[in-house]
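Here is a short briefing to read beside the model. Keep the sequence and the 3D view open as you go.

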Amino acid sequence: NCRSRHGLSEDVVDSFESIKIVVQSGVGYDHIDLAACGRRGIPVCNTPDYGTMEVADHAIGLMLALCRGIPGYDQRLHVRDDAWLTMALPMAPIRRMRTQTFGVIGLGRIGLATALRAKAFQMRVIFFDPFMPPGAELSVGLERMGSLEELLGQSDIVSLHTPMSPQTNELINTDSIAQMKDNAILINTARGKIVNLDAVEAALRSGKLCAAALDVLPVEPLDRSHPLIAAWTKREDWLEGRLIITPHAAFYSPESLRDIRRLAMQAVIDYLPNGKLRSCVNLKHLQENGFFIV
């Protein structure tokens with residue numbers, strides 16, 4: 001039973017003498033060598049059905065915090081008496097929600113839950129997900145974009161909900177940010193390495209990006225030597241109200257912790273006595289190596 005900070009490389013997998021199953025307490029499994037496990041006949045399972053509501057709520061909460069200026073107003077009032085005056089209210093990300101286009105990259109469980117929450121704010125909600133079957137969007141009233149470029153070019157707010165993979169590594173980079181609408185907002189509650197932090201810093205400094213909210217970072221815990229994190233730590237004026245960072249906490253609630261523990265243990269209990277697999281993520285590797293798990 002492991003978490004995302006417990007890397008299981010090929011060497012680590014091969015060092016186990018009698019391992020029967022690996023269960024990831026969480027959704028992402030990019031820290032596990034699935035092929036190495038497959039060669040050993042070791043199934044790898046995850047727990048994709050925990051924390052869905054919490055992460056979707058967190059993504060929308062980050063959007064609202066930026067677009068309604070909540071942390072910015074609070075911080076101003078701590079140190080400025082004039083922050084109560086109308087002339088002090090303007091802050092770059094603040095806008096009317098129903099006029100915005102909300103773009104979701106990755107319409108899995110969490111992406112869909114987030115999209116439906118955004119829709120409740122009367123926003124136009126669009127998505128890009130090449131793995132969604134045609135027509136799936138019709139049942140929930142969303143608009144499918146044919147390419148990432150098309151989504152980036154139309155979204156006022158971009159929310160990331162993709163797994164980490166070689167295809168999504170630094171999906172948001174200098175080139176993709178250049179394809180975004182001017183004054184757009186970026187929200188990441190997925191995986192830190194999906195976003196190139198240098199590109200985000202440059203885009204925030206230039207004004208290409210209006211604001212960003214990051215629950216995950218390429219290096220965790222956060223690297224305060226990175227120029228963007230350093231500027232945020234010092235509360236430099238140019239970032240006022242434009243950057244929110246939370247500590248990979250989108251998944252968290254007391255209820256979600258109970259769920260993750262229960263579901264991870266359920267996967268073990270189902271498999272060891274009965275051979276039943278719950279959400280196996282390396283079935284292909286097992287079958288390629290002659291292990292046909294039913």
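Tyr 50, Phe 251 and Tyr 252 are linked by ring pairs into a cluster. The model is predicted.

**Aromatic rings**

- The structure holds 2 aromatic pairs.
- One of them joins Phe 251 and Tyr 252 edge-to-face, at 6.3 Å centre to centre and with 85 degrees between the planes.
- That label follows because planes over 60 degrees apart count as edge-to-face.
- Phe 251 is buried, with a relative accessible area of 18%.
- Tyr 252 is partly exposed, at 45%.
- The cut-off for buried is under 20%, so Phe 251 at 18% falls within it.

**The sheet**

- An open sheet is built from 7 strands.
- Their order is S5-S4-S3-S6-S7-S8-S9, and the pairing is parallel.
- S5 (143-144) and S9 stand at the edges.
- Each of these two has a single partner strand, so one side of each lacks a neighbour in the sheet.

- S6 covers residues 157-160.
- Ile 157 and Ser 159 point one way from S6, while Val 158 and Leu 160 point the other way.
- In a regular strand, side chains alternate between the two faces of the sheet.
- All four of these S6 residues, Ile 157, Val 158, Ser 159 and Leu 160, are buried.
- S3 (residues 101-105) pairs with S6 in the parallel sense over 4 bridges.
- Opposite Leu 160 of S6 stands Ile 105.
- S7 (residues 184-188) also pairs with S6 in the parallel sense, over 4 bridges.
- Ile 185 in S7 is the bridge partner of Ile 157.
- S7 and S8 (residues 209-214) pair in the parallel sense over 5 bridges.
- Here Asn 188 stands opposite Leu 214 in S8.

**Salt bridges**

- The structure holds 12 salt bridges.
- Glu 10 and Arg 39 form one of them, with the closest N and O atoms 2.9 Å apart.
- This pair links distant parts of the chain: Glu 10 lies in helix H1 (residues 10-15) and Arg 39 in helix H2 (residues 34-39), 29 residues apart.
- Glu 10 is partly exposed at 35% relative accessibility.
- Arg 39 is partly exposed at 44%.
- Arg 278 forms a salt bridge with Asp 49, and the closest N and O atoms are 2.3 Å apart.
- Asp 49 is partly exposed, at 39% relative accessibility.
- Glu 201 and Arg 205 meet through their side chains in a salt bridge of 2.9 Å, N to O.
- Both belong to helix H8 (residues 197-206); they are 4 residues apart, so about one helical turn separates them.
- Glu 201 is buried, with a relative accessible area of 13%.
- Arg 205 is partly exposed, at 47%.

**Second largest pocket**

- The second largest pocket has a volume of about 460 Å³.
- Its lining has 19 residues.
- Nearest the centre of this pocket lie Gln 75, Trp 232, Arg 235, Glu 240 and Gly 241.
- Helix H4 (70-79), helix H9 (227-233) and strand S9 (243-245) each supply at least two lining residues.
- H4 gives the largest share of the lining, 6 residues.
- By type, the lining of this pocket divides into 7 nonpolar, 5 polar and 7 charged residues.

**Thr 52**

- Thr 52 is found in helix H3.
- Thr 52 counts as buried, at 18% relative accessibility.
- Thr 52 and Pro 218 are 166 residues apart in sequence.
- In space, Thr 52 and Pro 218 are 22 Å apart, C-alpha to C-alpha.

Methods
Residues numbered from 1 in each chain as written. Predicted model: local features only at pLDDT ≥ 70, side-chain atom pairs only at ≥ 80, totals over all residues. Heavy atoms only, no water. 1 Å grid on protein atoms, 1.4 Å probe; cavity = no way out; pocket = protein on both sides within 12 Å on 5 of 7 lines; lining within 4 Å. Points joined across faces, edges and corners; volume = space filled by probe spheres on them. Nonpolar A, V, L, I, M, F, W, Y, C, P; charged D, E, K, R; others polar. Phe/Tyr/Trp six-rings, centres within 6.5 Å; stacked < 30°, edge-to-face > 60°. Buried < 20%, exposed > 50% of the residue type's maximum accessible area, 1.4 Å probe, protein only. Pairing = 2+ DSSP bridges. Salt bridge = Lys/Arg side-chain N within 4 Å of Asp/Glu carboxyl O.
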